[in-house]
Amino acid sequence: MIVLDSILKLKKQGKKGIAFLIDPDKANEEQLIKISQLARDLEITFFLVGGSLITSGDLKQTLQALKRKTELPLILFPGSPSQISDEADGILFLSLLSSRNPEMLIGQQVIAAPYLKMTSLEIISTAYLLIESGGQTTASYMSNSNPIPSNKAEIAEATALAGEYLGMRLIYLDAGSGAKNPVPANMISKVASSCTQPIIVGGGINSKEKIESAYQAGADFIVIGDAIEKGNSFINELDSLKHYWT
Ligand code: 1GP
């Protein structure tokens, strides 16, 4: 469990982590070169690759292109069982615990399992919680599920804890890609106060302040996708936060 161990090690050392999310639909070769360079300079922890819906992009080609440009672990963040590839190093094996949709809780996982068995991917069991973020996101629409209301931190806490008791190794609180509002700090704190497994937070993180607020609330890891792909100017300021993860 190389990737999970490195996440646990960071947490034990009191360090934070940062991952960039690459959506194969949005990233072209030129962007991948820039993003890989940035990842190297910032010494980020790993890449996540995937999306709720891939239409035009090619997952395998994106992974191969990334592998030519970076040594960092590539972890699949799949929107469906079609997003499995041995070109990656690992996979977040997600169960959408915020939903009451059996397909997202266990159906898609059953379809994926025999394919995963044929790969050498590191499989990281992850409690995945979508959080309401000021508008519908692709993730909540595609998963046909209601996200947890943003003012119901206690529901997120109970859900994350249930995931931990079910044996899941990571807790991912996601406001959804391009979210208007990120996961609220008080919700992150509440989850962090009950759970012992590492907490990943993502969705709508597009400023230094939002990163620091998530870390200070108890996030162990943050994920940035949209802002990196768009080349948002705040990425030039990330260097000053490097002490959190290096
Ligand atoms: C989405 O948490 C990720 O699933 C990242 O979100 O694209 O908004 O950074 P952004």
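Which side chains meet in a salt bridge with an N to O distance of 3.3 Å? Those of aspartate 220 and lysine 11 do.

## About the model

This is a predicted model, in which local features need pLDDT of at least 70 and side-chain atom pairs count only at pLDDT 80 or more, while totals for chains, interfaces and linings use all residues. Residues are numbered from 1 along each chain as its sequence is written, and side-chain values use heavy atoms, with hydrogens and water left out.

## Salt bridges

Side chains of opposite charge can pair when their charged atoms come close. A salt bridge here is a side-chain nitrogen of Lys or Arg within 4 Å of a carboxyl oxygen of Asp or Glu. The structure holds seven of them, and one joins aspartate 220 to lysine 11. Aspartate 220 sits in the loop between helix H8 (208–217) and strand E8 (221–224), and lysine 11 in helix H1 (residues 2–12), so this pair ties together parts that are 209 residues apart in sequence. Helices (H or I, at least four residues) and strands (E, at least two) are DSSP runs, numbered from the N terminus. Aspartate 220 counts as buried because its relative accessibility is 8%, and lysine 11 counts as partly exposed because its value is 30%. Buried means under 20% relative accessible area, exposed means over 50%, and partly exposed lies in between (1.4 Å probe, protein chains only).

Another salt bridge is formed by glutamate 43 and lysine 242, at 3.2 Å from N to O. Glutamate 43 is in the loop between helix H2 (29–42) and strand E2 (46–49), and lysine 242 is in the segment after helix H9 (226–229), so the pair ties together parts 199 residues apart in sequence. Glutamate 43 is partly exposed at 45% relative accessibility, whereas lysine 242 is buried at 17%. Lysine 67 and glutamate 87 also meet in a salt bridge, at 3.2 Å from N to O. Lysine 67 belongs to helix H3 (residues 59–69) and glutamate 87 to the loop between strand E3 (74–76) and strand E4 (90–96), a link between distant parts of the chain, 20 residues apart. Lysine 67 is partly exposed at 45%, and glutamate 87 is buried at 19%.

## The ligand

The ligand is surrounded by 13 residues, each with a heavy atom within 4 Å of it. The closest are Asp174, Ser177, Gly178, Gly225 and Asp226. This shell divides into four nonpolar, seven polar and two charged residues. Ala, Val, Leu, Ile, Met, Phe, Trp, Tyr, Cys and Pro count as nonpolar, Asp, Glu, Lys and Arg as charged, and the others, Gly among them, as polar.

A backbone N or O atom of glycine 225 lies 2.7 Å from a ligand oxygen atom. For glycine 204 and for aspartate 226, the corresponding distance is 2.8 Å. Taken alone the ligand exposes 310 Å², and the protein buries 97% of that. Accessible areas come from the Shrake-Rupley method with a 1.4 Å probe; for residues, only the protein chains shown count as cover.

## A buried strand residue

Phenylalanine 20 is part of strand E1 (residues 17–22). Its relative accessible area is 0%, so phenylalanine 20 is buried. From C-alpha to C-alpha, phenylalanine 20 and valine 223 are 5.7 Å apart in space, although 203 residues separate them in sequence.

Methods. Polar contact = N/O pair within 3.5 Å; in protein donor to acceptor, adjacent residues only side chain to side chain.
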